[in-house]
Amino acid sequence: LAAQKRELDAELASTKSATNSKLGGLESTLAELKAAKEALEAKLAEERAAKEASDAFNKKQLGIAVDARKAADKRLDDTLAEYRQTAAAEKAKLDKKIADDAKRHEKETTDLEKSLTAEKSAHRVTDEKASTEE
């Protein structure tokens, strides 16, 4: 019995040693897996931060582009308003010139009609004198 007990004790010790060895290997593997998980989580956090920075940059660039477009639109609107003002002023000058030319033409026409009427009267008087003398 003692020999059998020693044999069982030796077998138990051997099994215990093998189990402890396997346990040590599993604990080592577990530690490696935990380290790998932490490294992956750190890389994921780094990638998220990079994506957020990229998104922020893109949003800023878009904001700059939108602001530039608004400024360009404002300059265009201002230029268009200046052109409209200039065109209105030129139209007013032309309208005044046309009105002045029309008044001058009317006066010249009236003066010519008066001259023509006076000349006709003078011819009629001359014709009447000539008729009377004959």
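Buried means under 20% relative accessible area, exposed means over 50%, and partly exposed lies in between, with a 1.4 Å probe and protein chains only. The model on screen is predicted: local features need pLDDT of at least 70, side-chain atom pairs count only at pLDDT 80 or more, and totals for chains, interfaces and linings use all residues. Residues are numbered from 1 along each chain as its sequence is written, and side-chain values use heavy atoms, with hydrogens and water left out.

**The whole chain**

Along the principal axes, the C-alpha atoms fill a box of roughly 190 × 20 × 10 Å.

Now switch to a surface view. Buried residues account for 0% of the 134 residues. The accessible surface is about 12300 Å², and carbon and sulfur atoms contribute 60% of that area; the areas come from the Shrake-Rupley method with a 1.4 Å probe, and for residues only the protein chains shown count as cover.

**Salt bridges**

Side chains of opposite charge can pair when their charged atoms come close. The structure holds 13 salt bridges, each defined as a side-chain nitrogen of Lys or Arg within 4 Å of a carboxyl oxygen of Asp or Glu.

Select R69 and D73 next. Their closest N and O atoms are 3.2 Å apart in a salt bridge. The two residues are four apart in helix α1 (residues 2-133), a separation of about one helical turn. R69 counts as exposed at 55% relative accessibility, whereas D73 is partly exposed at 31%.

Proceed to K74 and D78, whose side chains meet in a salt bridge at 3.2 Å, N to O. These residues also lie four apart in helix α1, about one helical turn. D78 is partly exposed, with a relative accessible area of 34%.

Then select K107 and D111, where the N to O distance of the salt bridge is 3.1 Å. Which helix holds K107 and D111, and how many residues apart are they? Both lie in helix α1, four residues apart, about one turn of the helix. K107 is exposed at 53% relative accessibility, while D111 is partly exposed at 35%.

Finally, select K97, D101, R104 and E108, which salt bridges with shared partners join into one network.
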